[in-house]
Structure formats: structure tokens, C-alpha cells
Amino acid sequence: MKILVQVIVDHENGDPAIIKPIVEFKREDLALGTLGLTIGESKLLLKNVQSELISQQVEQYIFKHKTCNQCHKELKIKGYTEIAYRTLFGKLKLSNPRLYACSCNKESKKRSFSLLSSVLSERIAPELQYLQAKWSSLVSYGMTSNILEDVLPMHANISSIFYTTHKVAKRLDAEISEEKYCFINGCENEWNKLPYPNSPLTIGIDGGYIHAREGSNRKAGWFEAIVGKSLHETHPSKRFGFVCKYDDKPKSRLNTMLQKQGFQMNQDIVFLSDGGDTVRDLQQNIAPYSEHLLDWFHITMRITVMKQMVNGLLPDNYRDQLDKQLESIKWNIWHGNVNKALDKISSFSDDCYEEELDKDSKKHKLWKYADEFYTYIESNRYYITNYAERHRYGEIISTSFVEATVNEVISKRMVKKQQMRWTQEGAHRMIQVRIATLNNELRDEFCRWYPNMNNVNDNQVLQSAA
Ligand SMILES: [Zn+2]
């Protein structure tokens, strides 16, 4: 049996429709391997439909535009050049006629022009750019190339995927407005007139480290990226992120994320973070009704480390007593009793101190750690709250949800594979595209950039195909 697939081209102008053959499938007996389309056949089908569709569209465009739009005289053809246009369904070579400008147009400085060049300002289809950027933000460039080549009739060059992803990142970045010292607008009077927001926003911010690459130097160490996530009761959560030493508009980036979540000036915001200066500066002058808290997760992490150190001591080092002290320190911070907690940390630290210093002894290390913990709590004292009370009211006290964000934005794509090393610029760009993907915004951005790109939700297509 033979199955022929054809397309019918109807110009809707009264001319008879044209039938064009697309592909021919042959089948003998019914077998599992030949029931329905193979991947190869589906690729051929798509490739040929694409080629036919595009050649019809181009032909029609040339037909419509080959006359002068003033005197309607047909323009003379000077010659032809070729445009290579890459799509999801194959690379096409389009014949691009070069026409002489009409003699009726005395002002034109150009004697000739290429007809398709202005309309095809990019030589790669938006749909292809979208999939290249989306997949490379989720998996490696090499894997992206494999996925695309596996299911689509195309050759997916790794350097082209890399180039597209960076181009998309630059475009996303260019839309973040200039950095400002303060993003608070208006005055209290105006804010009070706004409808009261039904629930507060909680923003967790934390940092993660990425393996550095500087030219051929493979031992360049690490650099820091900051990642944050905002949670709201009804809106879907959003993320933002940047490479600290590379980015010059972090605050504006944070503000953009808040705007996307429908933030308004009379809304309460709680910022949860570890005590670092970069992160602390970022949160200032963003929202008038904001609260800045040291997050509980980072506090307990430090106490847990000390507990493990205590457990590693010999019993005659008053192990049980030290353990009880730590419990009490934790209890006091949990209830927001900073002064009492500081007293207790101080005496804990004293108890760990030994006159005969052995710098490598476990107890000495514990003493040093306790001392640092004291400084940490003291310098963050104004950001410590009554966690017990917040917890009782069901309010978030911890950025452990941000730990998960650091993992999904940075670690999974950029850290897990040890051999992967990044430049600051490369990592920053990858973070931008990855966040757009994770925030479920990348498709919308493309539809905004290319308004004619059909904004069919991928899920809708999947549902109708189910
Ligand atoms: Zn003319």
C-alpha cells in the first residue's frame, strides 16, 4: 500500500488551487515497527511541509512587493542572492531577488535593494531560537543538540545553540531598567489609596558558588551568584538571579521580579536571607513596608555544626554540658532573646577555651567557631525576630525554599558536573535564560518580541493531541 501526502495551495484569489506532493509512505503487513509513522518519516513530513509552506509564503511576498508602491510599475530585477534561513524543520535556501529602485522615486539614495532582507532581519526562526534557549537552559549544550536532532529534521550545531542562548540572555537583560538607589515611588498618602493587597510577599535570597574559568586557566576558583525567590499565596512564585561581580543592576532585577508578581507599594514584604552585605544592600529601598530577617535556616545550620563538633569531643571535655548550652542558645534565638543568647554564646565560647593552646585540637576549633558565631549573631541582631511566634502564626521563617532555588537555578545546570567551568559573563547569561524558563516566562517573552509568533500554549497542543 502507498500513502501519498499532498498539500493544496489555495491563494484565495479565484485561481485554481495547486496540489503539491509532500511525501509518500509505503506499508506492507501490519507490524509493530511499521504501525504509524517512524521518526524518520515524521521528520521528512515536517521538513517537506515546511519547505513548501515557506516557498509559497516567499513567492507570495515577492509577487506583492515587486512593484513600485507609488507608480505600481514592475521593478527590474538586478540579480539574485541567497538567504539561508534556519528553522525547526530544516535549513532553507531562499532566493532573494535584488531589484532596482523605481525611477519615479528621485529621493532614494539606493539604486537597488534586496527584497527579503528587510523582512527577514534575522536568519533563524524565532521558534528555533526559543527551543534552543529553553533546552540549553535546562541541560547542557551538547544534550540540547542531541534532543533537537533526535526529534526534528535539523542539524543542531552546538556553537549555534550557544550563540542563540547568549543572544536571548542579552535581550532579556537589556529589558531590565537602569539601576537606581531607591525603587520606592510616591508617598504614604498615595500608597494608602491603593487597594489593600490580600497577602504579603515573602522573598528569600541566598548565594551559591560556581566554578570559574578565566581563559585557559582551569584553576580560577569560584565566584558567587545570588539567587532569590518570591512567594505569594495566590500568584505563582518567581525567581531572579545574577552573578555578583558581573551584574550592574541587581536591585532593578529584584524590583522587576516584584513587579511581575503584582507588587504594590502598600504591600508588606518580608525579606529572609543570610547576613551577607551584598544580599542585605540589595533589599534596601525596594519597598516601604518591608521587614528584613535573618533566616532561621542559616542560624540552625551553624548550631548544628557546633553540635557535631561537641559530639566529636571526648566525654571528659564536659560534652553533655556543652550540648545543653547549645540547646539553650538555640532556644533563646528561636524566641528572639538576642541579648540572652549572646551572653550564652559568650560563656559557651569561654568554656571551650583552653589555656594550653593546641591549634589543631577539636576544642580549639570549636572555640574559634563559637567566636565567629557570636560575631554573626551580634552583627545581625536587628534582623533576628521571635521565630517561635512567626512559626506559630504559620509565617515563613526560613530560606530553605531558597536553598532549593539555588539548587534548581545554579547547581543543577552549572555545578553538579565537576568539569564544567564558567566565565562570570557566561554564567550570568545562563542564569537569566534559566530563570525565564523556570518562571515559565520564556515563551511569553518570545511572543512579545515576535508578536506574530503564535502564542499557542504547549500544554494546549499536548492536551488536544492526547
Ligand atoms: Zn515608481
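How many helices and strands does the protein have? In this predicted model, the protein has 16 helices and ten strands. The radius of gyration is 31 Å, whereas the globule rule gives 23 Å for 466 residues, so the protein is more spread out than a compact globule. The C-alpha trace spans about 95 × 65 × 45 Å along its principal axes. Of the 466 residues, 26% count as buried. Among contacts with a separation of 6 or more, 61% are between residues 24 or more positions apart.

The domain assignment divides the protein into domain 1 (2-114), domain 2 (129-174 + 424-466), domain 3 (188-295 + 399-422) and domain 4 (298-383). Domain 2 and domain 3 are each written as two segments of the chain. Between domain 1 and domain 2, the C-alpha centres lie 26 Å apart. Seven residues from domain 1 and four residues from domain 2 take part in their contact. On the side of domain 1 that touches domain 2, helix H1 (residues 39-65) supplies the largest share, with four residues. That side of domain 1 consists of four nonpolar, one polar and two charged residues.

Strand S1 (residues 2-9) is hardly covered, since the count of buried residues among its eight residues is zero. S1 runs antiparallel to strand S2 (residues 18-26), and eight bridges join the two. One of the bridged pairs is valine 7 with lysine 20, the latter in S2. Glutamate 12 is in the loop between S1 and S2. Although glutamate 12 is not a glycine, its phi is positive, at about 55°. Is glutamate 12 buried or exposed? Glutamate 12 has 6 other C-beta atoms within 10 Å and is therefore exposed, the limit for an exposed residue being 12 or fewer.

A contrasting case is strand S8 (residues 238-243). Six of the six residues of S8 are buried, so the strand is largely enclosed by the rest of the structure. Both faces are covered: one side carries Lys238, Phe240 and Phe242, the other Arg239, Gly241 and Val243, and all are buried. The pairing partner of S8 is strand S7 (residues 222-231), which pairs with S8 in the antiparallel sense over six bridges. Within this pairing, valine 227 is bridged to glycine 241 of S8. The two strands are joined by a hairpin of six residues.

Lysine 245 lies in the loop between S8 and helix H6 (250-260). Lysine 245 is exposed, because 11 other C-beta atoms lie within 10 Å and 12 or fewer is the limit for that class. Apart from residues up to four places away in sequence, lysine 245 touches Phe223 and Gln424. Asparagine 157 is 88 residues from lysine 245 along the chain, and their C-alpha atoms are separated by 31 Å.

The largest nonpolar core has 67 residues, and Ala225, Ala427 and Ile431 have the most contacts inside it. Helix H14 (residues 424-438) gives the most to this core, with six residues. In soluble globular proteins, nonpolar side chains tend to be buried together. What does alanine 427 touch, not counting residues up to four places away in sequence? Alanine 427 touches Ile210, Ala225, Val243, Met414 and Trp422.

Beyond H14, asparagine 440 is found in the loop between H14 and helix H15 (442-449). Asparagine 440 is not a glycine, yet has a positive phi of about 65°. With 10 other C-beta atoms within 10 Å, asparagine 440 is exposed.

Why does isoleucine 299 count as buried? Isoleucine 299 has 25 other C-beta atoms within 10 Å, and a residue is buried at 20 or more. Its contacts, leaving aside neighbours within four places in sequence, are Leu294 and Ile333. The C-alpha atom of isoleucine 299 is 9.1 Å from that of tyrosine 376, a residue 77 places away along the chain.

Terms used:
Residues numbered from 1 in each chain as written. Predicted model: local features only at pLDDT ≥ 70, side-chain atom pairs only at ≥ 80, totals over all residues. Core = buried A, V, L, I, M, F, W, Y, C linked by C-beta atoms within 7 Å. Contact = placed C-beta atoms within 7 Å. Pairing = 2+ DSSP bridges. Domains from an automatic or database assignment. Nonpolar A, V, L, I, M, F, W, Y, C, P; charged D, E, K, R; others polar. Rg over C-alpha atoms; globule rule 2.2 N^0.38 Å.
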